[in-house]
Amino acid sequence: MRKTAVSTALTLAWLALEGVAAAATYHGMLASPGVVWISDGSHPAPVSAEFSMTNVNKSFQPNLLVIPTGSDVRFPNEDPFFHSIYSDSSADPFDIGFYDTGPGKLVSFPSAGVVAVRCHIHGSMHGTIVVVDGPYAVTDQPDESYEIPSVLPGRHVLHSWTLDGGEKTAEVTL
């Protein structure tokens with residue numbers, strides 16, 4: 001049975017140190033492919049990291065990429081023809097124009113959110129970049145379970161994204 005919504009159970013993991021607030025491990029189920037993460041509104045400092053989403057055989061490899069806010073993604077082209085990669089998603093829209101085979105172009109992703117990636121030339125090309133601003137898990141396990149450890153007490157936003165269901169959010173208080 002495929003799960004299309006996040007179902008969660010919260011287990012408190014009390015820290016052994018005196019005077020330290022309890023942390024929690026957040027458990028749940030999410031359809032695959034899918035991503036789940038928790039934001040606490042603190043917007044951690046951007047991470048300086050580079051990832052790749054390669055154009056090969058008129059497709060994106062990988063077709064789902066999870067990155068922290070502040071990261072860059074390079075779009076190498078391994079096809080023997082031009083691509084024109086873009087996104088009109090509200091989170092981090094971009095258009096890198098036409099480019100030929102080679103190392104590709106680099107795009108920065110400063111904002112959290114789900115970015116649908118397409119090619120102007122090849123309408124069947126579709127990829128997704130999920131830019132997260134907190135702990136996350138990619139659920140590719142056979143039982144579709146996930147675990148987010150060490151969640152600090154307070155108000156948080158639980159985000160989930162699945163290919164079939166899109167992004168959903170829920171406020172959680174630990």
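Me: Is E50 buried, exposed or partly exposed?
Reply: In this predicted model, the relative accessible area of E50 is 48%. Exposed residues lie over 50% and buried ones under 20%, so E50 is classed as partly exposed.

Me: Which side chain meets that of E50 in a salt bridge?
Reply: The contact runs from N to O at 3.1 Å. A salt bridge needs a side-chain nitrogen of Lys or Arg within 4 Å of a carboxyl oxygen, and the partner of E50 is R74.

Me: How many residues apart in sequence are the parts that R74 and E50 tie together?
Reply: R74 has a relative accessible area of 23% and is partly exposed. R74 belongs to strand β8, whereas E50 belongs to strand β4, residues 50-52. The pair therefore links parts whose separation in sequence is 24 residues.

Me: Which strands are tied together by R155 and E171?
Reply: R155 and E171 form a salt bridge, with their closest N and O atoms 2.5 Å apart. Both residues are exposed. R155 lies within residues 155-162 and E171 within residues 166-173, so the strands tied together are β16 and β17.

Me: How many salt bridges does a search of the whole structure find?
Reply: One of them joins R74 and E50. R155 and E171 form a salt bridge as well. The search of the whole structure gives a total of two.

Me: Which residues touch the most other members of the largest nonpolar core?
Reply: This core has 19 residues. The elements giving two or more residues to it are β7 (64-68), β8 (71-77), β10 (94-99), β11 (102-109), β12 (113-119) and β13 (126-132). The members with the most contacts to other members are F75, I85, F94, F109, V117 and I129.

Me: Which residues does I129 touch, leaving out those up to four places away in sequence?
Reply: I129 is among the core residues that touch the most other members. With residues up to four places away in sequence left out, I129 touches M53, L65, I67, V73, F75, F109, G113, V114, V115 and V117.

Me: Which strands stand at the edges of the open sheet of five strands?
Reply: The strand order is β7-β13-β12-β9-β10, with mixed pairing. An edge strand here has a single partner, so one of its sides is left without a neighbour in the sheet. The strands in that position are β7 and β10.

Me: Which residue in β13 stands opposite A116?
Reply: β12 pairs with β13 in the antiparallel sense, over six bridges. The residue in β13 opposite A116 is T128.

Definitions and conventions
Residues are numbered from 1 along each chain as its sequence is written. This is a predicted model: local features need pLDDT of at least 70, side-chain atom pairs count only at pLDDT 80 or more; totals for chains, interfaces and linings use all residues. Side-chain values use heavy atoms; hydrogens and water are left out. A nonpolar core is a set of buried Ala, Val, Leu, Ile, Met, Phe, Trp, Tyr and Cys residues joined through side-chain atoms within 4.5 Å. Buried means under 20% relative accessible area, exposed over 50%, partly exposed in between (1.4 Å probe, protein chains only). Helices (H or I, at least four residues) and strands (E, at least two) are DSSP runs, numbered from the N terminus. Contact means heavy atoms within 4.5 Å. Two strands pair if DSSP finds at least two bridges between them.
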